[in-house]
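Colleague: I would like to learn how to read helix packing in a model such as this one. Could we begin with the general idea and then turn to the case at hand?

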Amino acid sequence: MEGTVFTPALEGMGNVKSEEGEMLTKPFLDVCKLILPVIDKFGAAMVLVKSDVGGNITRLENKYLSDPSKFHHLYSMVQEEVEAKTAKASSSCTNGLLWLTRAMDFLVGLFRNLLEHSEWTMSQACTDSYTKTLKKWHGWLASSSFTVAMKLAPDRKKFMDVIEGTGDIHCDIEKFCTNFSPHLEENHKFLASVGLDDLKAS
């Protein structure tokens, strides 16, 4: 493959916002989708994360496809649900966006750890990021299954070799974390503005 596993996501990131600076639904979901191949390379350790991310992308995408012009902007789905008072339902798009954003926070944290702590094992990098991002929102059950899954994390060097491709993997991870984090922060800010950034897992 040309470049690294991150190359397609980095290319897509330039389109996530409109000229007016609004988050666009399809480009944002496309970037999240382009991260799935990276999650794949973790194997069994990330099966839970991958199915969660994939499920939330599909939920948001189906809503978008039901009326692409109406849901052109990412937050329009949430606004509609807030008005209809359905935003807190576990099957809502609001919930989907919240958990998708949290899963991406976890991945950004994990990749940052791989850049900044060259002595850590993959398992340490995963666990540290999990503790800082997802853990406080997870109930006991989700938390325990996650902890078990992290023990299956691949060997760090093998993983880096697999995702490197022909590009500069450290440079691409850095770019990904730097460019994607502000979008995730914006999602949290928006969700917080409608009082929905602190929903916990049922």
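Modeller: Axes are lines fitted to C-alpha atoms, for helices over the stretch in contact, and angles run from 0 to 180 degrees between N-to-C directions. Two packed helices are described by the angle between their axes and the distance between the axes. In this predicted model, H2 and helix H3 (residues 47-66) pack at an angle of about 160°, and their axes lie 10 Å apart. Angles over 145 degrees count as roughly antiparallel, and that makes H2 roughly antiparallel to H3.

Colleague: What is the handedness of the crossing of H2 with H3, and which residues make the contact?

Modeller: The crossing in which H2 passes H3 is left-handed. On the H2 side the contact is made by Thr-25, Lys-26, Leu-29, Cys-32, Lys-33, Leu-36, Ile-39 and Asp-40, and on the H3 side by Val-49, Lys-50, Val-53, Gly-54, Ile-57, Leu-60, Glu-61 and Tyr-64. Sorted by class, the contact of H2 with H3 has nine nonpolar, two polar and five charged residues.

Colleague: At what angle do the axes of H2 and H9 cross?

Modeller: The axes of helix H2 (residues 25-40) and helix H9 (residues 169-193) cross at roughly 130° and come within 13 Å, which makes H2 oblique to H9. H2 passes H9 in a left-handed crossing, where Phe-28, Val-31, Cys-32 and Ile-35 in H2 meet Phe-176, Phe-180, Leu-184 and Asn-187 in H9. The residues of this contact of H2 with H9 divide into seven nonpolar, one polar and no charged. Cys-32 of H2 is listed both in the contact with H3 and in the contact with H9.

Colleague: How is the pair H6 and H7 to be read, at what angle and with what distance between the axes?

Modeller: Helix H6 (residues 122-132) and H7 have axes 10 Å apart and pack at an angle of about 160°, and H6 and H7 are therefore roughly antiparallel to each other. H6 passes H7 in a right-handed crossing. Ser-123, Cys-126, Thr-127 and Tyr-130 of H6 make the contact with Ala-142, Ser-143, Phe-146 and Met-150 of H7, and by class the contact of H6 with H7 has five nonpolar, three polar and no charged residues.

Colleague: Where in the protein chain is confidence lowest, and where is it highest?

Modeller: Confidence is lowest in helix H7 (residues 140-150), at a mean of 85, and highest in helix H4 (residues 74-84), at 97. Across the protein chain the mean pLDDT is 92, and 99% of the residues reach 70 or more.

Colleague: Which residues does the UniProt domain annotation cover?

Modeller: In an unreviewed entry, the UniProt annotation "domain: Glycolipid transfer protein" covers residues 24-163. Over residues 24-163 the chain is 72% helix and 0% strand, with the end C-alpha atoms 28 Å apart.

Notes. Residues are numbered from 1 along each chain as its sequence is written. This is a predicted model: local features need pLDDT of at least 70, side-chain atom pairs count only at pLDDT 80 or more; totals for chains, interfaces and linings use all residues. Side-chain values use heavy atoms; hydrogens and water are left out. Helices (H or I, at least four residues) and strands (E, at least two) are DSSP runs, numbered from the N terminus. Angles under 35 degrees count as roughly parallel, over 145 as roughly antiparallel, 65 to 115 as roughly perpendicular and the rest as oblique. A crossing is left-handed if the near helix is turned anticlockwise from the far one by less than a right angle, and right-handed if clockwise. Contact means heavy atoms within 4.5 Å. Ala, Val, Leu, Ile, Met, Phe, Trp, Tyr, Cys and Pro count as nonpolar, Asp, Glu, Lys and Arg as charged, and the others, Gly among them, as polar. UniProt positions are given in the numbering used here, feature names are shortened, and annotations may be inferred rather than shown by experiment. pLDDT is the predictor's confidence in each residue, from 0 to 100.
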